[in-house]
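Open the model in your viewer and keep the sequence panel beside it. This tour tells you what to select next and what is there.

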Amino acid sequence: MVKGFKRKFFSGIEIYGFLILVSIYALLPFIWMLSTSLKTEAEAFRVPPTWIPIKSTLDAYVSMWTKKNFGIYFLNSAVISLATAVLSTFFGALAGYGFSRFVFKGRKFLIGFFLATQMLPGVLLVGPYFKILSKFGLYDTRTGLVIAFLTICLPFSTWMMKGFIDRVPDALDQAALVDGCSRLGVFFRVILPISAPGMVATIIFAFLLAWGDLLWVICLTSTESMVTVTLGIARTVGEFQIIWPMLMAGALMGGMPAIILYLLLQRLLVQGLTAGAVKE
Amino acid sequence: MKLLKIKDRHMWTLFVLPGTILLVLVLGFPAFQSILYSIYPEGGGTSYTLNNYSILFSDSVFRQVFGNTVLFVILSVASHLLLGLGVALVLNREIFAKPVFRLIALLPWVVPDVVVGIIWRWMFDPVYGAFNDLLLRIGLISTHVQWLSSPKLALLSVIFVNLWRGFPFVMLILLAGLQSIPRVLYEAAAIDGASRWQLFARITLPSLKKMLVVALALDIVWEVRRFGLIQTMTQGGPGNITEVLSTYIYKQYFQFFRFEYASAVAVIMTAALLMVSLPYIWMISQEE
């Protein structure tokens, strides 16, 4: 009896206490961001700070869209990220299918190559990219950024799509082939429709990878019309006087797409991330 | 379940080659260029040289930045593992409102690096920020602390933010691992009279080994490359106190335009990164 009692050395209260502490740790910065974004500029500089705004206003949000070019930033981020995501998922699905279904010489080497490219740091590539893109007139263009973002997204998309396609039984392919379907036909008419949820997850994840990047945007753009959300936020750091309610409103709006998409896709995300890592 | 195989062995090229060629073009080629830059003499010239590398190793700033990066990565990854494992273990139990807690714990990992950096920069503001206000109210500190501008605290503060940012990923991966451990294992061991600690050490940890390796490898790579977070919080300052390799290389390239030197640093960084991650790459590609 004593032993059975001892076994529970973490009681319910301690567990919930721990979880509540972790939740506060995780949430407080977000609450602070929301609270600041609703304040007037004067209230943001009150000592001691207020947690619930005395006078709530949406002025900071309005100013971001009207006084700053936040609309342009948002559009740039959306267009660039979406183009990258669709391209990398398409090529990733092709390669993922190839790796999933065929056994060929050099397969392990190629898989290793795709994995290794995922490890390369962006700073190894930004210098050459700056020169090459300038040479082709693609520096400071959306196209240039899409090409650059493929380096982050393509290895990842391949890996994730391979994981999803692995779950589709090979018997389906064989049946379609027997019925006279070509390999490409199998891929487009059987595999892609079946792994549609996986594709959506991959597109969204690649989208968010591109959306969250700062390094490439800061290195490969120079004009106001090419600024993305992340660069728009990061640039303010060097400014002489920071208007914090506006900046926090921008940060909140810049983080919103990610928060919404992740919450919708939590389950698929875990599947995708751990695909290949755990075998069932 | 051996089905009859249609003979189209060579079709793999059609699927794998487009992506491979694309990768070689957008990634392999520039990477090779970078290596070439790193052996060009600084400021122009024709003959190849290893001068950039010898400059680099005698450069005290580079050594400091390298040390910062190592410290940043080790402390970040270790703290991610500890907190991530702790939260995952708790969330794997039968508890009330589990999905809500999991969601909340995931949030810091979901938003872009830049957003994290900017929020915490404002949190850490010595006078108007929430962090000092909170600690003052609880009574943990008695004066306004300069979290990001004090040479003693700046790097630790950045690592503290990175703990917040990165632990959810480890938690997510380990939680997936925990959920795949068959319950029967625990029941059988419990009947045999195993203590909770024995269950953890003999069943949980060994079953998590694979997931721990995955989480560790990916986390190390991500932390070595971390850029936006530091760039928005401190830009490497004060002095070079929070400078890590990625922000350092960026500065050498785009503020001082030392392309050859920056390339040499980037090559060293990549070599170190690949050395750390090669065992992982090998492990995964052998299993596939």
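This is a predicted model: local features need pLDDT of at least 70, side-chain atom pairs count only at pLDDT 80 or more; totals for chains, interfaces and linings use all residues.

Helices here are DSSP runs of type H or I with at least four residues, numbered from the N terminus.

**Stop 1: a cis bond in chain A**

Select A:P48. This residue sits in the loop between α3 and α4 (59–66) of chain A. A cis peptide bond joins A:V47 to A:P48. Its omega is about -10°.

**Stop 2: two domains in chain A**

Colour chain A by domain. The domain assignment gives domain 1 as residues 10–57 and domain 2 as residues 68–274. How many Å separate the centres of domain 1 and domain 2 of chain A? The answer is 33 Å, taken over C-alpha atoms.

Next, look at where domain 1 and domain 2 of chain A touch. Here 9 residues of domain 1 are in contact with 9 residues of domain 2. The area buried between these domains of chain A is about 750 Å². Carbon and sulfur atoms give 82% of that area.

Select A:M33, A:S37 and A:E41. In domain 1 of chain A, these residues lose the most area to domain 2. Together they make up 57% of what the domain 1 side buries.

The rule finds 0 salt bridges between domain 1 and domain 2.

Which helices of chain A each supply at least two residues of the domain 1 side that touches domain 2? They are α2 (12–37) and α3 (41–44). Helix α2 of chain A gives the most, with 4 residues. By class, this side of domain 1 of chain A has 4 nonpolar, 3 polar and 2 charged residues.

**Stop 3: a positive phi in chain A**

Select A:D140. You will find A:D140 in the loop between α7 (126–135) and α8 (142–166) of chain A. Its phi is near 60°, a positive value in a residue other than glycine. Is A:D140 buried or exposed? A:D140 counts as buried because its relative accessible area is 14%, and the cut-off for buried is under 20%.

**Stop 4: where the chains meet**

Show both chains as surfaces. 101 residues of chain B are in contact with 107 residues of chain A. The area buried between chain B and chain A is about 9700 Å². Carbon and sulfur atoms give 79% of it.

Now pick B:F15, B:W122 and B:E288. In chain B, these residues lose the most area to chain A. Together they account for 9% of what the chain B side buries.

What links the chains? Between chain B and chain A the count is 0 salt bridges. The rule does find 11 residue pairs in polar contact across this interface, with both residues at pLDDT 80 or more.

Select residues 12–38 of chain B. This is helix α1 of chain B, which gives the most to the side that touches chain A, with 18 residues. The residues of that side of chain B divide into 73 nonpolar, 16 polar and 12 charged.

**Stop 5: a buried methionine**

Select B:M269, in helix α12 (residues 259–287) of chain B. B:M269 counts as buried, because its relative accessibility is 2%. Show what B:M269 touches: contacts beyond four places in sequence include A:P121 and A:V123 from chain A, and B:V224, B:L245 and B:I249 from chain B.

B:F66 and B:M269 are 203 residues apart along the chain. Their C-alpha atoms are separated by 8.8 Å.

**Stop 6: a glutamine and its neighbours**

Move to B:Q252, in helix α11 (residues 245–254) of chain B. B:Q252 is buried, with a relative accessible area of 6%. Leaving aside neighbours within four places in sequence, B:Q252 is in contact with B:F257, B:R258, B:Y261 and B:A262.

Select B:F257 from that list. B:F257 is found in the loop between α11 and α12 of chain B. The phi of B:F257 is near 55°, a positive value in a residue other than glycine. B:F257 is exposed, with a relative accessible area of 56%.

**Stop 7: a cis bond in chain B**

Finish at B:P238, in the loop between α10 (228–233) and α11 of chain B. A cis peptide bond joins B:G237 and B:P238, with omega about -5°.

Technical notes: Residues are numbered from 1 along each chain as its sequence is written. Chains are lettered from A and ligands numbered from 1 in the order in which they are written. Side-chain values use heavy atoms; hydrogens and water are left out. Domain bounds come from an automatic or database domain assignment. Contact means heavy atoms within 4.5 Å. Buried area is the accessible area (1.4 Å probe) that two parts lose on being put together, summed over both. A salt bridge is a side-chain nitrogen of Lys or Arg within 4 Å of a carboxyl oxygen of Asp or Glu. Ala, Val, Leu, Ile, Met, Phe, Trp, Tyr, Cys and Pro count as nonpolar, Asp, Glu, Lys and Arg as charged, and the others, Gly among them, as polar. A polar contact is a pair of N or O atoms within 3.5 Å; within protein, one must be able to donate a hydrogen and the other to accept it, and residues adjacent in sequence count only if both atoms are side-chain atoms. Buried means under 20% relative accessible area, exposed over 50%, partly exposed in between (1.4 Å probe, protein chains only).
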